[in-house]
Amino acid sequence: MPAVRVYRQSVPYLLPYTGRFIVAVAEVLLIGAVEVLKPWPLKVVIDNVVGGAPMRSDWIPPMDRASLLTSACAALIALYLALAILQVTNNYLTISIGQRMVNDLRSRLFEHLQRLSLS
């Protein structure tokens, strides 16, 4: 089980960044939720604007086709914007965690090399 050994050795380097890691995992879950919502505005456009079916939702007020199309387009833009922001912040966060962990490892290796004798 070489993978278990690698994980066991790398976890101590992750511990100082536990808070950031939890935020990164939460962002991944949120990205998944937003990805699931992406087809919904297109469904509204196809079923209710193009198809003419009435909206069957309690939380969306009745609208004419033009307003419904505008709202669905705005919702789609908002979803893609939220998704882009989440992905950029998640990439920044995970890359910064990785770089900091590598920096900690390099510092520890350098300290170890400094303690060794020249002979």
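Author: Residues are numbered from 1 along each chain as its sequence is written. The model is predicted, so local features need pLDDT of at least 70, side-chain atom pairs count only at pLDDT 80 or more, totals for chains, interfaces and linings use all residues, and side-chain values use heavy atoms, with hydrogens and water left out.

Reader: How many helices and strands does the protein have?

Author: The protein has 4 helices and 0 strands. Both are DSSP runs, numbered from the N terminus: helices are H or I with at least four residues, strands are E with at least two.

Reader: What box do the C-alpha atoms fill?

Author: Roughly 85 × 30 × 20 Å, taken along the principal axes.

Reader: And what is the radius of gyration?

Author: The protein has 24 Å, while a compact globule of 119 residues would be near 14 Å. The radius is taken over C-alpha atoms, and the globule rule is 2.2 Å times the number of residues to the power 0.38.

Reader: How much of the protein is buried?

Author: Buried residues make up 20% of the 119 residues. Buried means under 20% relative accessible area, exposed over 50%, partly exposed in between, with a 1.4 Å probe and protein chains only.

Reader: Helix packing next. At what angle do helix 1 and helix 4 pack?

Author: About 100°, with the axes of helix 1 (residues 2-14) and helix 4 9 Å apart. Axes are lines fitted to C-alpha atoms, for helices over the stretch in contact, and angles run from 0 to 180 degrees between N-to-C directions. Helix 1 and helix 4 are therefore roughly perpendicular. Angles of 65 to 115 degrees count as that, under 35 as roughly parallel, over 145 as roughly antiparallel and the rest as oblique.

Reader: Which residues make the contact?

Author: S10, Y13 and L14 of helix 1 meet I97, M101, D104, L105 and R108 of helix 4. Contact means heavy atoms within 4.5 Å. By class, there are 5 nonpolar, 1 polar and 2 charged residues. Ala, Val, Leu, Ile, Met, Phe, Trp, Tyr, Cys and Pro count as nonpolar, Asp, Glu, Lys and Arg as charged, and the others, Gly among them, as polar.

Reader: How do helix 2 and helix 3 cross?

Author: At roughly 10°; the axes of helix 2 (residues 18-37) and helix 3 (residues 39-50) come within 5 Å. That makes helix 2 roughly parallel to helix 3. E35, V36 and L37 of helix 2 touch P39, W40 and P41 of helix 3. Those residues divide into 5 nonpolar, no polar and 1 charged.

Reader: Now single residues. Is A72 buried or exposed?

Author: A72 counts as buried, at 6% relative accessibility. A72 sits in helix 4 (residues 65-115). Leaving aside neighbours within four places in sequence, A72 contacts P41, V44 and V45.

Reader: Where does N48 lie, and what is N48 in contact with?

Author: N48 lies in helix 3. Leaving aside neighbours within four places in sequence, N48 contacts K43, A53, P54, M55, R65 and L68. N48 is buried, with a relative accessible area of 7%.

Reader: And where is D64?

Author: D64 lies in the loop between helix 3 and helix 4. At 46% relative accessibility, D64 counts as partly exposed.
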